[in-house]
Amino acid sequence: MIRIAVDAMGGDYAPKATVEGAVWAAIDYNVAIELVGREDDIKQELDRIQKKGLKITRGGFFEQKIKVDLSKLDIKITNANEIIEMGEAPGQAIRKKRNSSIVLAVQAVATGSSQAIVAAGSTGAAMASSLFGLGRLPGIERPAIAVTLPTMKKPFILLDAGANSSCTPEMLYQFAVMGTTFAKNVYGYENPKVGVLNIGEEAGKGNELVQATYKMLEENTIGLNFIGNIEGKELFQGNCDVIVCDGFSGNLVLKTIEGCSSMLFKMISQEFKRDPLSIIIGMLAKPFMKRIYKRINYEEYGGALLLGVKGITIISHGRSTPYAIKNAVRVAKEAVESEVNRKISELYE
């Protein structure tokens with residue numbers, strides 16, 4: 001059985017959300033769980049779940065409460081008495097806090113105790129711990145955060161979403177290779193279309209980085225299905241499966257998308273409460289809004305895979321709910337089962 005290490009102390013709602021999500025994943029996906037964090041806090045959450053059950057809430061909508069028999073689940077606890085906070089410098093923090101939850105969660109994978117990590121705390125700490133604790137895959141200069149985003153057709157993978165603010169064309173080329181391998185083996189895309197995020201469709205548009213990357217991808221000899229530049233307005237049309245960019249641009253895109261979607265739903269919610277007629281229309285529209293929200297809700301995708309390290313690290317949103325953690329564990333399991341790292345390495349042998 002695949003075992004997933006979960007940084008139980010990472011995220012805005014830890015350890016409650018992380019423990020609940022991990023237990024939920026153990027039930028739904030038949031995985032073993034290693035909860036890494038303050039043992040007393042974790043045991044307290046597990047005792048509460050055992051006594052009161054688990055609330056099933058998706059996208060903020062409560063569905064049901066289920067009883068949980070923890071004795072039937074394979075869950076172990078690894079005590080970690082330190083926590084790396086969001087504001088700490090990642091490099092210094094992982095050196096000073098060797099008994100922190102994220103460092104020990106990475107160590108669990110490095111030693112073979114678990115096969116993957118799910119972390120919703122400091123992105124920088126998760127990246128640094130994974131890079132130094134697991135090492136890079138052969139042929140990969142820098143790891144990249146591969147985030148899955150929805151479109152009108154099917155999800156696409158954007159990388160890098162924040163691991164590397166400055167990149168070289170060679171790095172973006174490697175991102176395309178890793179993203180294509182991920183899309184094929186985790187999402188089952190037969191021949192993923194690869195594009196470069198740019199300010200125009202023409203080959204000569206953009207700065208030196210994207211122009212050089214365009215040329216490298218156009219001349220690739222390993223069968224990448226390169227389709228050219230992709231403008232921001234085309235991101236959600238669903239015509240490209242893997243979009244590469246530097247981490248600075250990718251993170252800006254990601255945060256802008258999050259802000260816009262949040263604003264849109266808040267505006268709609270306000271309008272449905274404006275007057276009696278709006279309230280009635282809002283009640284009638286609720287089932288439709290739930291379906292739309294599910295299609296764009298980040299919780300459905302769980303987290304972003306850190307591609308390029310010798311292990312599976314899933315970086316989840318800091319605001320991750322139990323549902324998001326549960327889905328992050330699912331992504332981790334799928335990445336392990338698909339052997340995505342081995343298949344990336346084979347391309348550089």
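Which residues in helix 1 meet which residues in helix 10? Keep that in mind as you read on, and remember that this is a predicted model.

## Where two helices meet

Start with helix 1, which covers residues 16–29, and helix 10, which covers residues 322–338. From helix 1, the residues in contact are Ala17, Thr18, Glu20, Gly21, Ala22, Trp24, Ala25, Asp28 and Tyr29. Their partners in helix 10 are Pro322, Tyr323, Ile325, Lys326, Asn327, Val329, Arg330 and Lys333. Sorted by type, the residues of this contact are 9 nonpolar, 3 polar and 5 charged.

## How the helices cross

Now look at the directions of the two helices. Their axes come within 7 Å and cross at roughly 50°. The crossing of helix 1 with helix 10 is right-handed.

Next, find the second largest pocket, which holds about 220 Å³ of space. Helix 4 gives the most, with 4 residues.

To trace the lining yourself, look for Gly91, Ile94, Arg95, Arg98, Val103, Val106, Gln107, Ala110, Ser129, Phe132 and Gly133. By type, this lining has 5 nonpolar, 4 polar and 2 charged residues.

Methods. Residues are numbered from 1 along each chain as its sequence is written. This is a predicted model: local features need pLDDT of at least 70, side-chain atom pairs count only at pLDDT 80 or more; totals for chains, interfaces and linings use all residues. Side-chain values use heavy atoms; hydrogens and water are left out. On a 1 Å grid over the protein atoms alone, a cavity is a set of points where a 1.4 Å probe fits but cannot get out, and a pocket is an open set with protein on both sides within 12 Å along at least five of seven lines; lining residues have an atom within 4 Å of a point. Grid points are joined across faces, edges and corners, and a volume is the space filled by probe spheres set on the points. Ala, Val, Leu, Ile, Met, Phe, Trp, Tyr, Cys and Pro count as nonpolar, Asp, Glu, Lys and Arg as charged, and the others, Gly among them, as polar. Axes are lines fitted to C-alpha atoms, for helices over the stretch in contact, and angles run from 0 to 180 degrees between N-to-C directions. A crossing is left-handed if the near helix is turned anticlockwise from the far one by less than a right angle, and right-handed if clockwise. Contact means heavy atoms within 4.5 Å.
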